[in-house]
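Thanks for coming. Please look at the structure on the screen.

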Amino acid sequence: MTNNVYLRPKLLGQYILENKSTIRKTASEFGISKSTVHVDVSYKLKNLDYELYKKVKLILENNFKERNIRGGIATKNKYESLKKHSAWMFFCFFIKLKNL
């Protein structure tokens, strides 16, 4: 990842625009912190390329609106997985009791 303060915000903005990526995903992809990505695309990009900034801002606002939905889906999947695991554990326990 480049340390050029003029190039990096544009690269991050273009990546977010092309992939409809979240700040967390972008940070992971480029190997930098979420804070750095946020500062680059929220503040620095505004001064460097305003048109790109507006497009990126729309994507990030949409991600922000969907955040609670994604979190709810992740929680639902977690508990469904635990429920399946619990049912399997109960089944194994029942088989062991039956064989005694």
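Which residues does T26 touch, not counting residues up to four places away in sequence? Keep in mind that this is a predicted model. The list for T26 is L12, Y15, I16, S21 and V37. T26 itself lies in helix α2. Its relative accessibility is 0%, so T26 counts as buried, the cut-off being under 20%.

Now the helix pair. Helix α1 covers residues 8–19 and helix α2 covers residues 23–30. Their axes are 10 Å apart, and the packing angle is about 120 degrees. That angle makes α1 oblique to α2. The crossing of α1 past α2 is right-handed.

As for who sits at that contact, α1 brings L11, L12, Y15 and I16, while α2 brings T26, E29 and F30. By type, the residues of this contact are five nonpolar, one polar and one charged.

Next, I16. Leaving out residues up to four places away in sequence, I16 touches S21, T26, V37, V41, V56, I59 and L60.

That takes us to the core. The largest nonpolar core has 13 residues. Which of them touch the most other members? Those are L12, I16, V37, V41, L45, V56 and L60. At least two residues of this core come from each of α1, α2, α3 (34–48) and α4 (50–99). The biggest share is from α4, with five residues.

To recap, T26 is buried and touches both L12 and I16, and L12 and I16 are among the core residues that touch the most other members. That's all I have.

Key: Residues are numbered from 1 along each chain as its sequence is written. This is a predicted model: local features need pLDDT of at least 70, side-chain atom pairs count only at pLDDT 80 or more; totals for chains, interfaces and linings use all residues. Side-chain values use heavy atoms; hydrogens and water are left out. Axes are lines fitted to C-alpha atoms, for helices over the stretch in contact, and angles run from 0 to 180 degrees between N-to-C directions. Helices (H or I, at least four residues) and strands (E, at least two) are DSSP runs, numbered from the N terminus. Angles under 35 degrees count as roughly parallel, over 145 as roughly antiparallel, 65 to 115 as roughly perpendicular and the rest as oblique. A crossing is left-handed if the near helix is turned anticlockwise from the far one by less than a right angle, and right-handed if clockwise. Contact means heavy atoms within 4.5 Å. Ala, Val, Leu, Ile, Met, Phe, Trp, Tyr, Cys and Pro count as nonpolar, Asp, Glu, Lys and Arg as charged, and the others, Gly among them, as polar. A nonpolar core is a set of buried Ala, Val, Leu, Ile, Met, Phe, Trp, Tyr and Cys residues joined through side-chain atoms within 4.5 Å. Buried means under 20% relative accessible area, exposed over 50%, partly exposed in between (1.4 Å probe, protein chains only).
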